[in-house]
Number of protein chains: 2
Amino acid sequence: MNPSKILNALISENLVSDPNGARGRLLKEAARLFRDKGYERTTVRDLAAAVGIQSGSLFHHFRTKEEILKAVMVETIRLNTALMQAAVDAAPTSQEKLRALVRAELESVNGQTGEAMAVLVFEWRSLAEESQADVLELRDIYEKLWLDTLEALRQEGRLLAEPFVVRRMLTGALSWTVTWYRPERGGLTLDGLTDQIMAMMGFAPGI
Amino acid sequence: MNPSKILNALISENLVSDPNGARGRLLKEAARLFRDKGYERTTVRDLAAAVGIQSGSLFHHFRTKEEILKAVMVETIRLNTALMQAAVDAAPTSQEKLRALVRAELESVNGQTGEAMAVLVFEWRSLAEESQADVLELRDIYEKLWLDTLEALRQEGRLLAEPFVVRRMLTGALSWTVTWYRPERGGLTLDGLTDQIMAMMGFAPGI
DNA sequence: CGATACCAAGCAAGCGCTTGGTTTGTAAAC
DNA sequence: GTTTACAAACCAAGCGCTTGCTTGGTATCG
């Protein structure tokens, strides 16, 4: 299953919005604005202007501004969970599964859904507590993929540290790439960066 | 040189504010509020109430709200650069230097200056661009300590990945601990966590 | 007496969101 | 194939509130 097929499947199940539809376009612009200026600094007037409507008209689609933030986060997690699942399933060995996860998360953070992923990381506190609980529930599915893979490597004696600590470290490290990694400026490719991260943990490429 | 001596030296040089003075107390409360609620959600009325004065009186000490944010960041970097420098100087080998840096940064992030460090990471975008440049300059001194140590390990063949990538990964990973590491809840101690991080990079403890 | 630290009051601007009404898309009724 | 009905999508205007910051004046203290 390739990425765009996964996206289409989720759209037809109404789990994520079609990026061509009105709702999907707004969420995409919202993600970009939230990342660039932060949730609080982004006004409903900014959001409305980004899709070419009046600020009041936003509230026909969403009841509150926060509901927009939540929608960005929920849909992003849904999409990325599906992408991660596919990446894991396609890899045969534990080490290759880990590499696939690292590579997939780097792609989420720095590729198409990068804006939304950055929002997920940096705007967490702007989400009301009740909403946080809902999103956390979705995140657990996502995290289990990582922990299962790391646990397997640990069993094989290829990993010295505890899986849950490693996962948390990787979460921070991978999310942080959004602040400095600029593939378009030449230098490191996504695969090259993935290799570096694996090497940092003592996994030489292609073993 | 122990931590509190370093702090006192910086205070007497007027590089950081005395936490017992009016300015220092405000900066401490500001760091806490900025971390807990975010810069934008923290009002000048919140800040004033935290130190028991009227909101208008704040502007006797700082010209703008943003100046408070900048002061929190600048003083935090100054203090932590000094702490890191001491940690590196005290360690004999490269690996021990790295461990000392990891340990020191974990302590910065999760200890006394934890609130301010979290602000440094998560409220970066709230700082006006001119101020960002000033703070970045200070950060470079700090970063050089890391890069020199990592470069030495690389030379010794103990590190497979490139130093600058490793440093950026560690920045993300170590900063991120602030979102999940809770030593008071039992479980992992700071030293234990440091060991785990070293182990993750293939450095077994005590070698 | 002068500087420093503060208070009480409030201004101008910007915020999220509401309101009442108009346009647009769609599909059945004639 | 035009008319009618109706909901969804949107606009124009603005309300009520909060925001960062200012102002003019008053304590406090060396």
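At roughly what angle do the axes of helix 2 and helix 7 of chain A cross? The legends below take you through this predicted model, view by view.

**View 1. Helix 2 and helix 7 of chain A cross at roughly 55 degrees.** Helix 2 of chain A covers residues 22–37, and helix 7 of chain A covers residues 114–122. Their axes come within 8 Å. Because angles from 65 to 115 degrees count as roughly perpendicular and those under 35 degrees as roughly parallel, helix 2 of chain A is described as oblique to helix 7 of chain A. The crossing of these two helices is left-handed.

**View 2. Here are the residues where helix 2 and helix 7 of chain A meet.** Helix 2 of chain A brings A:Ala31, A:Arg32, A:Phe34 and A:Arg35 to the contact. From helix 7 of chain A come A:Glu115, A:Ala116, A:Ala118 and A:Val119. Sort the residues of this contact by kind and you get five nonpolar, three charged and no polar.

**View 3. Chain A meets chain B.** In this interface, 35 residues of chain A touch 35 residues of chain B. The two chains bury about 3200 Å² between them, with 69% of it on carbon and sulfur atoms. On the chain A side, A:Arg125, A:Met169 and A:Met200 lose the most area to chain B, together 25% of what that side buries.

How values were computed. Residues are numbered from 1 along each chain as its sequence is written. Chains are lettered from A and ligands numbered from 1 in the order in which they are written. This is a predicted model: local features need pLDDT of at least 70, side-chain atom pairs count only at pLDDT 80 or more; totals for chains, interfaces and linings use all residues. Side-chain values use heavy atoms; hydrogens and water are left out. Axes are lines fitted to C-alpha atoms, for helices over the stretch in contact, and angles run from 0 to 180 degrees between N-to-C directions. Helices (H or I, at least four residues) and strands (E, at least two) are DSSP runs, numbered from the N terminus. Angles under 35 degrees count as roughly parallel, over 145 as roughly antiparallel, 65 to 115 as roughly perpendicular and the rest as oblique. A crossing is left-handed if the near helix is turned anticlockwise from the far one by less than a right angle, and right-handed if clockwise. Contact means heavy atoms within 4.5 Å. Ala, Val, Leu, Ile, Met, Phe, Trp, Tyr, Cys and Pro count as nonpolar, Asp, Glu, Lys and Arg as charged, and the others, Gly among them, as polar. Buried area is the accessible area (1.4 Å probe) that two parts lose on being put together, summed over both.
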